[in-house]
Amino acid sequence: LRLPPQSTVYLIDDHKPVRDAIRVLLETEGFSVIDFASAVEFLQCPREIGYGCIVTDIQMPGMSGLQLIEAVRVRDKIIPIIVITGHPVAAVRRAVEEAEATLLVKPFAPAELVAQVSNALRGSMG
Amino acid sequence: MLPKPDELRGLSERFIQAVEKVTAIELRKRLAAHALTLAQVAEQLERGDLLSAFVHNANVERYERLLAGALDEETRAMVERLLAEEDDVALQKQRDQAKWWQMRAEELRATANQFAEPSAHEMLLRAAANYEQLANHAEGLVTGKPKARGEKAG
């Protein structure tokens with residue numbers, strides 16, 4: 001499986017109700033969404049470097065969102081990352097800053113996520 | 001008082017189902033946004049149980065504000081209406097299917113009576129009984145009451 005590039009949003013969240021709702025919201029806004037229940041599942045899928053954007057939760061069993069960001073940045077310095085978390089502790093804020101990611105604190109306004117994804121994809125597509 | 005996380009999650013699922021029934025793009029967006037808010041607040045309330053009561057209480061007002069649109073009576077009633085219309089269509093399909101099977105059963109019984117040869121007669125009656133069972137099963141799904149063997153559907 002090779003993931004399609006460009007306007008794709010890669011969504012990683014272990015919490016199914018939130019994952020489903022984000023996917024439906026972004027799809028109604030015209031984005032193409034591929035969702036994953038874990039960070040490992042996402043990293044196992046090959047994708048084009050620098051295309052699309054990542055929306056990821058932080059607190060996930062197994063590999064956390066922080067570990068995911070680190071792993072992504074080793075290979076891909078430019079893909080936009082939007083971090084969504086209910087617990088924006090100092091370690092999270094630091095990691096977000098280092099990865100030049102965007103932080104949204106749950107529960108965020110859905111329009112805010114849509115705006116951030118739009119911005120991210122505009123940048124991602126050059 | 002805020003609803004329980006289970007209730008919010010259930011509502012979020014219903015809003016998502018409603019999104020799939022709607023073609024008007026703005027309404028789809030609005031329902032999807034409400035679904036996300038409901039799911040997020042459910043998640044935070046659940047995780048909030050693990051945090052201090054102070055943190056939880058500090059957030060209640062914010063959650064109530066976020067949920068106001070989704071929990072609005074009119075919006076919820078609209079979602080239920082959309083889903084009820086869908087249920088009606090599914091029920092009618094089920095009823096039609098039950099009627100069709102019942103008619104097949106009656107046709108096969110009438111055909112069986114035209115056969116003097118015992119094995120053919122018996123085979124057709126068995127097929128008729130099977131169709132009748134299917135009809136009863138389908139009718140039982142519609143009414144929520146399974147019919148007894150031999151009782152006619154429709």
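Predicted model: local features only at pLDDT ≥ 70, side-chain atom pairs only at ≥ 80, totals over all residues.
A place to begin is helix H1 of chain A, which covers residues 16-28 and so has 13 residues. From its first C-alpha to its last, H1(A) reaches 18 Å, close to the 18 Å expected at 1.5 Å a residue. Because 10 of the 13 residues of H1(A) are buried, the helix is largely enclosed by the rest of the structure; among the buried residues are Pro17(A), Val18(A), Ile22(A), Leu25(A) and Leu26(A), and also Arg19(A) and Asp20(A). Just after H1(A), the chain comes to Gly30(A), which takes a positive phi of about 95 degrees.

Further along the chain, the backbone deserves a careful look. Most residues other than glycine have a negative phi, and most peptide bonds are trans. Glu100(A), although not a glycine, has a positive phi of about 50 degrees, and this residue is found in the loop between helix H4 (90-98) and strand S5 of chain A. Glu100(A) is exposed, with a relative accessible area of 70%.

The structure holds zero disulfides over all chains. For Cys45(A), the closest cysteine sulfur is that of Cys53(A), and because the two sulfurs are 16 Å apart, they are too far for a bond. Cys45(A) counts as buried at 18% relative accessibility, and Cys53(A) counts as buried at 0%.

Methods. Residues numbered from 1 in each chain as written. Chains lettered and ligands numbered in written order. Heavy atoms only, no water. Helix = DSSP H or I, 4+ residues; strand = E, 2+ residues; numbered from the N terminus. Buried < 20%, exposed > 50% of the residue type's maximum accessible area, 1.4 Å probe, protein only. Expected span 1.5 Å × (residues − 1). Disulfide = S-S within 2.5 Å.
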